[in-house]
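Thanks for asking me to look over this one.

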Amino acid sequence: MAKAQSAAKLTLEDLQQLLALPTVDEELHPYLDAASVLAAFDPLQLTPVGEAAPPRQVALEVLLPLCEPITEGTHRGLWTLSLADRRSALRRLGTRQRMRRALRANPDRPDTPLQRMFVRVVDRAPLQLDELSRDELAALFTVNDWIGDILREVPDEASLRRALTTHDLTAPMRRLTSGGFVDRRNELRQLEKYVSTERTRPLFVFGPGGVGKSTLIARFLLEQLERDDTTFAYVDIDRPRIQPERPLTVLLEVVTQLHSQLGVPDRTGLLAEQIAESIGREDDTRQFETFQSGAVEWMLRLGEVLAQASSGRTIIVVDTFEEAQFLGPEVAWPLVQFLLELARSASTVHVMLSGRSLPPDYLVIVFPDAIVSGGEGVVGDEPTLAAIRQPERPIDLEVLELAPARELLERSLELEGQPPLVRRDLDDVIAIVSRNPMCLKLAARLLREEGVHKLRSARSEVLTRLRAEKIQALLYGRILHHIHDDDVRAIAYPGLIVRRIDPDVIRNVLAEPCKLQLTVEHDEHQIFYDLQREAALVELDPEDGSLRHRLDVRRAMLEDLTDHVDQAVVDQIDRAAVAYYEGRTGPIARAEEIYHRLRRREPSTLLDARWMPEAGSRLKNVGDEVGAEQQLWLAEKLGRTLDDPSLRETASQEAWEAQARRAADRFLLSRLPEKALDILHERSQRLPRSELYALEAEGYRFLGRHDDALEVARAGVESASRAGAIDMALDLLLKMVVIEEGRDSFEAAHALADEAAAVASHTSNEYLELRTLVTRLRVDRHLRPEAHESRQPVRFEALEMLTPEMLSELRTRPVLLREVAAELGKDHAQLASSAIEILGLEVASDEQAQALGHALATLNADPPSERRQSPAVIKGIERFEKSEFDPVVIEEWVTKNMTTRDTQVISGSVGATEPRTKVLGDFREYFRAGVENSIRGV
């Protein structure tokens with residue numbers, strides 16, 4: 001037997017022969033040693049280490065198969081040693097002294113970040129990770145792979161990852177401040193005071209676009225990050241992954257950014273994973289019957305993680321808040337409440353908001369006492385703000401202090417290539433154009449056009465031209481006046497009606513109405529080139545290379561344009577734009593076509609036919625450039641509500657219901673039923689198939705006004721039935737069942753379930769039909785717990801509906817999936833398995849926590865399943881049993897230790913269980929506890 005084992009042993013020599021790999025002789029070591037310390041080399045120029053080396057040609061025949069050619073970049077054509085052979089050679093070298101000797105053999109090395117970082121590590125040169133470039137940090141990752149376990153004092157991977165993440169997060173801030181910073185000393189001092197002590201309310205920084213909000217915050221954060229005890233998260237609401245109507249996406253971004261900065265990556269990683277799963281489990285079909293943990297719970301978990309990490313202070317910035325305001329107050333209000341709770345989540349957390357205007361929602365929620373003490377003025381007026389103590393008082397960046405304003409004007413004149421002004425001239429200009437940074441920059445542009453010398457020779461004339469009630473409009477007008485090319489001026493002013501300009505638009509849309517004289521020498525391409533140089537008026541769209549009128553230009557001048565341009569010209573441009581864009585494809589063309597159709601007040605049926613969802617992002621800033629009816633239509637398409645009550649008052653019933661439905665829906669999702677009902681009660685009239693009946697009933701249910709909820713739902717059933725909307729009537733009846741269950745009126749719930757069954761016999765919606773069956777099972781079980789046999793026909797009917805197609809669809813309907821698993825889970829292992837996988841493991845109440853603990857213990861006792869559970873889960877079950885299934889112990893373990901992988905393993909084990917076993921029975925009880933939590937609003 002021993003002989004057979006010996007014969008079967010495979011030596012390294014045998015393996016090399018088997019794979020036909022060349023043997024690396026010691027004679028080749030001088031070349032390998034030289035190549036191992038080089039990021040790239042020329043084989044024909046490689047100098048071996050030491051004198052005892054074979055001829056180059058002989059060495060290269062063995063060396064090159066161990067290397068890889070560099071095929072891209074500036075060092076294309078050179079070679080690099082493979083990682084395995086490099087590490088082997090470096091390990092053989094073993095010391096810094098021998099590696100430096102190998103480096104000296106080839107002093108003319110390619111200068112790359114990787115090579116520089118390797119040399120610095122080998123030379124023990126000081127490495128301040130926060131001062132390195134991104135390429136240098138990335139290079140250190142590779143250096144760590146090469147020698148991290150060979151030499152000491154090599155930056156470890158965790159430190160490098162933290163440094164790289166911080167670098168990436170701060171890169172936009174460095175770009176913002178790289179062009180200089182006009183010192184806002186008072187604001188910086190206030191920000192410093194705000195984060196220096198414990199705060200429980202978020203601080204709001206507001207001001208118009210271009211005033212420097214982001215630059216101020218960037219400067220402050222960069223200063224704070226010089227401290228070792230500061231971590232931060234910078235959340236831009238304008239980024240696609242942030243959905244302000246779903247505040248948990250903000251929290252997920254915060255946790256993700258903190259993940260690599262804190263010293264507890266396992267805790268932050270698990271928390272981010274659980275929040276992401278919670279977001280993904282929403283059920284659009286029954287969105288108010290939630291099964292995910294509340295946002296406050298997640299924030300408390302974040303506070304625990306921060307306390308464990310001993311992270312010092314954490315600064316969280318939420319920028320571009322106007323994007324939330326754009327969607328409507330039903331989005332801004334819950335988001336402010338969410339951020340207030342985030343600020344309260346831990347004593348070390350400091351939350352800062354930034355936006356173009358101070359939302360009334362912010363003051364009402366965060367500083368209600370200040371509004372009372374501020375008198376009867378408008379929310380956000382000066383008395384209200386003055387009633388808020390420093391440093392929590394919102395920061396208004398409307399204007400600069402005088403000294404910084406002078407500094408900005410001086411810098412702007414210098415950038416315009418103008419000589420400096422004496423203080424008197426600076427102060428005169430500032431006094432006229434205000435201390436608004438944008439106006440100061442525009443004034444510098446105007447002074448360049450007029451000539452600074454005119455402040456001396458024709459002082460009153462120049463200052464008079466600067467003086468106007470609408471300073472921005474005046475300055476833009478003056479810039480337009482100084483455009484020497486008449487065609488460019490026509491494009492810039494009458495052509496302001498179009499938002500997007502390229503040579504084709506100039507020729508096909510603007511040439512005729514703007515009376516352009518296009519010639520071979522001066523065609524649309526030349527005009528486009530000349531207009532492109534007017535940076536104060538237009539900006540380049542990087543997506544398609546077109547020019548777009550700057551938004552602030554349009555806001556300042558569109559109103560004035562209609563007073564100076566004949567309406568026939570305006571109409572001609574709008575018609576030409578529609579004709580031009582309707583023949584083109586893609587979201588950009590469609591957005592511009594729809595914009596001009598909106599300006600022309602075309603009917604909604606035509607607009608509907610031309611709508612493309614991808615065009616929506618380019619129509620967000622239309623605002624009041626179009627009529628009220630068109631604003632309502634666009635708001636519906638963009639998923640926003642209009643904050644102006646007068647617009648809703650004039651809307652048709654259909655348009656009003658669309659706005660009310662969206663607003664009420666969002667308020668209910670944020671658990672703000674009073675505000676939802678305020679919106680719904682703006683009108684008492686309802687369309688025959690109105691969705692508002694269900695929303696109003698939900699609002700009353702949340703408030704515990706069950707009789708009102710039932711009355712509204714019954715009115716909805718009758719309205720839907722008269723309109724032939726069977727499915728809507730059935731959905732409302734099932735909602736009424738839940739309302740009665742929520743107050744333990746099971747006799748009434750049973751009668752409603754029977755009524756729903758009668759209506760369900762006329763539906764073709766199999767999901768509503770299945771929901772009706774499981775609702776009947778649930779209600780009858782509560783009313784007659786011992787009547788198992790009488791429920792069997794309904795149970796068998798429901799089980800027959802669980803086809804593979806139905807099971808697949810249930811995975812997209814989590815609420816219904818849980819209800820079905822609660823009634824049929826013991827009979828169907830795959831159903832129970834899917835419910836665990838999709839819903840995760842919930843512990844929303846003591847009863848549910850105990851049911852889960854018992855189910856896991858039963859699963860672990862099942863011999864085939866025991867072998868498939870992770871050690872962590874088995875350890876958790878041991879704790880459950882030792883605590884006699886204390887719900888506190890179970891809940892703590894599940895929330896702090898259960899990973900997605902663990903849930904998947906448990907789901908697989910349950911799916912492999914035989915029907916009608918105790919395992920499935922225990923999990924069915926766990927699902928039933930979850931349904932009860934939902935019905936009772938736990």
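The points below go from the overall make-up to single residues.

1. **Ground rules.** This is a predicted model, in which local features need pLDDT of at least 70 and side-chain atom pairs count only at pLDDT 80 or more, while totals for chains, interfaces and linings use all residues. Residues are numbered from 1 along each chain as its sequence is written, and side-chain values use heavy atoms, with hydrogens and water left out.

2. **Overall make-up.** The protein has 51 helices and 10 strands; these are DSSP runs numbered from the N terminus, with helices being H or I of at least four residues and strands E of at least two. Of its 938 residues, 54% are buried. Here buried means under 20% relative accessible area, exposed over 50%, and partly exposed in between, with a 1.4 Å probe and protein chains only. If you take the contacts (heavy atoms within 4.5 Å) between residues at least 6 apart in sequence, 69% of them join residues at least 24 apart.

3. **A helix pair.** Two packed helices are described by the angle between their axes and the distance between the axes. For helix α35 (residues 653-669) and helix α36 (residues 673-680), the angle is about 175° and the axes are 8 Å apart. The axes are lines fitted to C-alpha atoms, for helices over the stretch in contact, and angles run from 0 to 180 degrees between N-to-C directions.

4. From α35 come Trp656, Ala660, Ala663, Ala664, Phe667 and Leu668, which meet Pro673, Lys675, Ala676, Ile679 and Leu680 of α36. These residues divide into 10 nonpolar, no polar and one charged. In this count Ala, Val, Leu, Ile, Met, Phe, Trp, Tyr, Cys and Pro are nonpolar, Asp, Glu, Lys and Arg are charged, and the others, Gly among them, are polar.

5. The whole structure holds 62 salt bridges, each a side-chain nitrogen of Lys or Arg within 4 Å of a carboxyl oxygen of Asp or Glu. One of them joins arginine 548 to glutamate 592, with the closest N and O atoms 3.3 Å apart. Arginine 548 lies in strand β10 (residues 547-549) and glutamate 592 in helix α31 (residues 587-599), so this pair ties together parts 44 residues apart in sequence. Both arginine 548 and glutamate 592 are buried. Arginine 599 and aspartate 574 also meet in a salt bridge, at 2.9 Å from N to O. Arginine 599 is in helix α31 and aspartate 574 in helix α30 (residues 567-581), so the pair ties together parts 25 residues apart in sequence. Aspartate 574 is buried, at 2% relative accessible area.

6. Lysine 637 and aspartate 608 form a salt bridge of 3.3 Å, N to O. Lysine 637 lies in helix α33 (residues 628-638) and aspartate 608 in helix α32 (residues 604-610), so the pair ties together parts 29 residues apart in sequence. Lysine 637 is partly exposed at 31%, and aspartate 608 is partly exposed at 37%. There is also a salt-bridge network that links Glu582, Arg590, Glu593, Arg597, Arg600, Glu602 and Arg610.

7. **Backbone checks.** Most residues other than glycine have a negative phi, and most peptide bonds are trans. The bond from glutamine 390 to proline 391 is cis, with omega near 0°, and proline 391 sits in the loop between α19 (382-386) and β7 (395-396). Threonine 320 has a positive phi, near 55°; this residue lies in the loop between β5 (313-319) and α15 (322-327) and is buried at 14%. Aspartate 744 has a positive phi of about 60°; this residue lies in the loop between α39 (726-742) and α40 (746-760) and is partly exposed at 45%.

8. Where is asparagine 508 found? Asparagine 508 is in helix α27 (residues 503-510) and is partly exposed, at 44%. Asparagine 508 and tyrosine 580 are 72 residues apart in sequence, with their C-alpha atoms 6.9 Å apart in space.
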